[in-house]
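Me: Please take me through some labels used for this model. I want the cut-offs behind them.

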Amino acid sequence: MNKKIIATSGAPAAIGPYSQAVQAGSGTLLFISGQLPADPGTGTLVQGDIGAMTRRCLENIKSILEASGASMANVVKTTVFLTSMEDFAEMNRVYSGYFPAEPPARSTIAVAALPKGAPIEIEAVAVL
């Protein structure tokens, strides 16, 4: 199996023993680690409502995709983790703007807690 680690300064550095993304298979699959709403330059969580935080998560994913030569159109599956399902509608509103046509498959899961106390984390799988 071919495996290539993807890293970019356009997304926050990993805060543990994982990669921002891994290109696998015959180079056709890209697995993007869960992205918190963290600023790429500082690693700190952005301020604002769940809409601003959703946007930051998706911008981080977009930067990783671009570092791989791909775009949001290549995403086939996402998983959204929320600490409160009360944030679902606003997250969904912002999310839909990143996938205006042929959106990927998606799961949204309520969780008790996320790293750094974040209210949202989004991971993605793309086909290159």
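Me: Leaving aside neighbours within four places in sequence, which residues is Ser107 in contact with?

Reply: This is a predicted model, where local features need pLDDT of at least 70, side-chain atom pairs count only at pLDDT 80 or more, and totals for chains, interfaces and linings use all residues. Residues are numbered from 1 along each chain as its sequence is written, and side-chain values use heavy atoms, with hydrogens and water left out. Ser107 is in contact with Lys77, Thr78, Thr79 and Val80, its neighbours within four places in sequence left aside. Contact means heavy atoms within 4.5 Å. For Lys77, the C-alpha to C-alpha distance is 8.2 Å, at 30 residues apart in sequence.

Me: Why is Ser107 called partly exposed?

Reply: Its relative accessibility is 29%. Buried means under 20% relative accessible area, exposed over 50%, and partly exposed in between (1.4 Å probe, protein chains only). Ser107 therefore counts as partly exposed.

Me: How do you know that Glu121 has no salt bridge?

Reply: A salt bridge needs a side-chain nitrogen of Lys or Arg within 4 Å of a carboxyl oxygen of Asp or Glu. For Glu121, the nearest side chain of opposite charge is Lys116, 11 Å away. Lys and Arg count as positive, Asp and Glu as negative; His and the chain ends are not counted. So Glu121 is buried without a salt bridge. Among the residues that Glu121 touches are Leu36, Cys57 and Phe81.
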